[in-house]
Amino acid sequence: MANRLVYILPLMVFLIMAVYFAIGLSKDPSILPSALINKPIPEFSLPPIDGGPGKGFSSADLRGNGVSVINVFASWCVPCRVEHPLIARLAALKVATVYGLNFKDKPKKALKWLQEMGDPYAAHGSDPKGRVAIDFGVYGIPETFIIDNDGIIRYKYVGPINPGRLEKEILPIIKKFSP
Amino acid sequence: MRKALFALALVFAWPPPAWAVNPDEVLSDPVMENRAREISRGLRCLVCQNQSIDDSDADLAKDLRIIVRERLTAGDSDAQVVDFVVSRYGDYVLLKPPFKLATLVLWLGPAAIAGGGLIAVLMFFRRRRTGESAVQPAAVLTRPPPLSDEENRRIEELLKDDAP
Amino acid sequence: MTAEIGHFALILALLIATMQATLPLIGAHKGYGSWMATARPAAVTQFGLVAISFGCLTQLYLTSDFSVLNVVQNSHTAKPLIYKIAGVWANHEGSLLLWVLILSLFGSAVAVFGSNLPPRLRARVLSVQAMIAVGFYLFMLLTSNPFERVFPAPINGQDLNPLLQDPGLAIHPPMLYLGYVGFSMAFSFAIAALIEGRVDAAWARWVRPWTLAAWCFLTGGITLGSWWAYYELGWGGWWFWDPVENASFMPWLAGTALLHSSTVVEKRDTLKGWTILLAIITFSLSLLGTFLVRSGVLTSVHAFATDPARGVFILAFLIIVIGGSLALFAWRAPQLVSTGVFQPISREGALLLNNLIMATAAAAVLLGTLYPLLLDAIGGGKISVGPPFFNAVFIPLMVPMIAAMAVGPMLSWKRADLKPALTRLWTAALAAGAIMLAAWALFADGPVMGVLGIGLAGWLFIGTLVELGGRLQLFKVPLSDSFSRLRRTPRAAWGMTLAHLGLAITIAGMVGAGAWRTESIQAMKPGDTVTVAGYEFTFDGAKDGKGPNYSITEGTFRVFKGGKAVVTLNPEKRIYMVSKRQTTEAAIHTTFFGDLYAVVGDQDPSGAYVTRLYFNPLVAWMWGGVVIMVCAGCLSLTDRRHRIGAPAKSRAQGRVTAQTAGA
C-alpha cells in the first residue's frame, strides 16, 4: 500500500501547487507592502519648491496636527496627472492635511504643472535628489501615505489612486485614525 | 528579461534611465568599492525584474548604489548598510532571502527533496533485495498481453538487424 | 481577408484536433481499426491548417497590415525584413501560433514516418498530441487571437521592443519551442504507454530520438538566450537566475534526467515508472515555461489583471494536462512490471544518482522561482529569491554530480566495483590537481570556488577521456585494434563521451567568466588609454550615425598588447526611433583565453564618454562546450538503433554494434 502512495505523491504535490497558483492569480506581484507601516515617519525637513509659495514641510509638521496625507508627485509622471483630481478632491474634503512631495523634479516645471493642474496641497516640499522619498521607501511614483496624529505611517498606496480606492480605503483609514 | 521593466514603466513612472554603475559613483578606495559592489549585488532593484541594483540602469538603483557607498564611507559595516536599505524597503530587497519562519520551506526544501529522493532510492534497493513478492500478485494480474504475431515478426527483424 | 483565412484555418484545426483526440483513442480501446486509422490523415491535415494560419500571420506582418491588432502592437513599416518575420513570434499570440505549428509538425511527423510503430500505440500517441493541441487552439481562439482586427486602423505600428530586434533573439524562441514541443512527444508516448500498461525497450527507443532532439533544441535555445544577454545587456552577464530563464532551465534539467533514465529502460528494463514520471514532469515544466513567461504570472500579473480569462484558462489547462496525467500515472504506473535488477554500485546506480541530483536541482529551481508567489498567496509577505539563493543551492548539487560523472560511465551494468574505476581515474585526479595549482598560481586573489570549479572541469574532461581510452583499450592492444574499436563504437556512445567532454569545457568557461573577469568603468576622452587584464584600450572617440530604424553612437577603441595592435573594437549605442528606447551593442573580440568586451555609454558635459571595458576569461569555452554538447546529441540521434524497424540496409548488416556500450 505504501508503494501505491508513492505513485500518488506527484499528483498531491501538483494539486497543492495548483491551489497556491489559483490564490496567486488574484495578487499583483508588482505592488510591494511598505516596510514602514506602523512605524514612525523618518526625520526630514523639505524646502518649498524653488520659487514657489509656502515654506516647505518637515516631520515636525506631521506630528500632533491630526491625520496627514503625503502625496509623492512629479511633473514628468504621467500617472500623477491621472490621479491629481482625486488628490484635489481629498484635500477639499478637509479630513486630513494633504502634503505634496515633489520628487526629482525641476522647480520651474513642477510649478507650471501645479499651475495647470491646480495646487491642492497644504504645503509642498521639494526633494530634488529623492533622498527623503527613499527614507519613505518610495519606489515608484505616485505614492500616497497616510500618517496619523502621532506621526506613525498607517497606510501606503503605490500607483495612481482611483475613486474606488479613495472611497473604500483611503477615506475610511483617515477616519479611523482621526482623533 | 528586461521586458518586465518596460511593463512596469507603463504603470509607475521613473525618470529616464541612466547606465548601471557609472564612473562618477565609483569610490576611489578599491577595497571600499569592492565591498560596495558586493553589497549592491545582493540588493534587488525594486522597479526591475529580479535584477540587482548593481546590474540595473534604473534611477532608483543608482540612488541606492550611491547610498550604499555613502554609508560605507561614513564607516558603516556591510550589515549596517544592508539594514539601512531593508528598514526602508523590507526583506523584499534582499536577493538572498533571510532564513526565517516564512522562508523555512525555501531554504530547507532542496535538502528535504534530496533527502526524500535518497530515501526513496534506498527503499527501492531494499525492496529489490527482499524480493518482489509484495508487488508480484498485482503484477501478475496485469501482465501485458502476450506478443502478437506482428510483434514477434518485428522482434525477429530487430534481432536480425543487430546480429553481427 | 488574410486575417480571416488565418482565423478560419485555426478554427478548422481545432475541429480536426478534437476529432483526432477522441476517435483514435476510442478506436484503440475498442479495437476499431478504421477509427484508429483516422489519426494519421487528421494529424497531417491539422498541420496543413496551422501552416496556413501561420503563413497568413506572416503575410500580415510582411505587408504591415495595421488593421490587425497584433501587427500594430509589434511591428512598424521601418522595421527590417528579418524582424518583421521574427515579429510574428516575438509576442504572446504569435508565439502560441508557432507553438502549435511545431506541435502539429511533430504530430504529422509521427503520422508520416511512424510506420514502424504498433498501430495502437501510434493512434494513442497522436490522440494525446491532439488533446494538447485542442487546449492550445482553445486558448488562442478564446483569449489570445492573433488575428484580431482593430478599427480604425492606425497609420503605423508601435514597433517591436528593440531588445528583441536582434538575430540571436529572433531564433531563440523557435529553438526553445522546438525543445518544449519535442518533450510533448515524450509525454504523449508516456501517456500512451500508461494507457496501454506497457513500457519496454522498444518504447524507450521510440521515445529517445524525440527526447534527444528536444534536448538539443532546448540546450541551443537556452544558450542563444544566454549569449544574447551576454552581448546585448552591456556588461557581460550571461545568466541571472531570472524567472524567465529558470522557466526554460527547469525542463532542461528534467529532460536531461529523462535522457539518462530512458537508457536504463531501454537497456535494463527497469526504472519504468520513474521514467514515465520524468517524461510527464519534463513536459509539465515545458508547459509551465511556455505559459509563465508569455502570460507573466511571474513577471507581472498585470497581464492577468487586465485579462483574468487568460489566467483562469491557463490554470484550468495546466490542471487538466498535468493533474490528469499525474492521476493516470498514480492509477496505472504501479502496474508496470520491471524485470531488471541491479546493485547500487553499477551503471544503473550512477544514472539513478544523476537522476536524483537533476530532479532535485529542477525541484529546487522550481521552488526558488515559485516561492515568492506561493508565499504571497498565503499572505506571508513579499520576498525576493535571486542569484545568491540559486547559487547557494545549485552549486552544492552540481559538484558531486560532476565528480560522479567521470566515474559513472566506467561502471558496468547491473553490478560494478568502484575500486578499479577509481584506480583508473588517477590520471584525471592528477590532472585536476595540476590545473587547480595552475589556476591558483594565476588567480591567487580570486575566489576559491573558481579554483575548485576549474579543477572539477579538468577532472571530468580527463576522466571522460580515460573512459574513452579504456573502451578503445588504448595502449593495451595494438593501435590498429584500438582504431577498429573506435570505428565500431556506436554513435550513441560517442554522443555520451562528447557531451560529457562538452560539459566539462562549458563548466570551465562558466567558472572562468564567473570568477575571474576584470572590469574597468571610467569616463574616457579621445586619446585616453586604459589597461584591462594586460590589454591597452585606446579610445579614439565616437561618432554618430544612422541604422535602418535607429540612430547610432559608435565608439572606436584600438586595443594593444605589449605595444602590438590586437584589434579595433566598435561598440554602439542605439536609440530606436519609434520607441525611443536605447540599447547597447557591445563590441566583443573573442580569443582562446577570453573575450575583450567594450561598451560605450553616454557623453558627459566635459565631452568624455562613459566606457565599460571587460576581460571575460574563457567565455568562448562556454559557448564552444555547448556547441559540442548539441553536436553530440545530434550524433547520438543518427545512431542506427533509433531507426529500428526501418528497412534494414544491406550496408548496416555487416556492421557490428556493441549493444552494451554507451548511454
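Let's start with C:Ala362. Leaving aside neighbours within four places in sequence, C:Ala362 contacts C:Met250, C:Leu253, C:Ala254 and C:Leu285. Contact means C-beta atoms, placed from the backbone, within 7 Å.

A word on the source. This is a predicted model: local features need pLDDT of at least 70, side-chain atom pairs count only at pLDDT 80 or more, and totals for chains, interfaces and linings use all residues. Residues are numbered from 1 along each chain as its sequence is written, with chains lettered from A and ligands numbered from 1 in the order written.

Now the core. C:Ala362 and C:Ala186 have the most contacts inside the largest nonpolar core, which has 209 residues. Such a core is a set of buried Ala, Val, Leu, Ile, Met, Phe, Trp, Tyr and Cys residues joined through C-beta atoms within 7 Å. Buried means 20 or more other C-beta atoms within 10 Å of a residue's own. Helix α14 of chain C, residues 347-377, gives the most to this core: 19 residues. Helices here are DSSP runs (H or I, at least four residues), numbered from the N terminus. Another core lies apart, with 61 residues, among them A:Leu62 and B:Ile53.

Next, a helix pair in chain C. The axes of α15 (387-407) and α18 (448-471) come within 8 Å and cross at roughly 20°. Axes are lines fitted to C-alpha atoms over the stretch in contact, and angles run from 0 to 180 degrees between N-to-C directions. So α15(C) is roughly parallel to α18(C), a label for angles under 35 degrees. Among the residues meeting there are C:Val399 and C:Ile402 from α15(C), and C:Leu456 and C:Trp459 from α18(C).

How values were computed. Helix = DSSP H or I, 4+ residues; strand = E, 2+ residues; numbered from the N terminus. Parallel < 35°, antiparallel > 145°, perpendicular 65-115°, else oblique. Contact = placed C-beta atoms within 7 Å. Buried ≥ 20, exposed ≤ 12 C-beta atoms within 10 Å, placed from the backbone.
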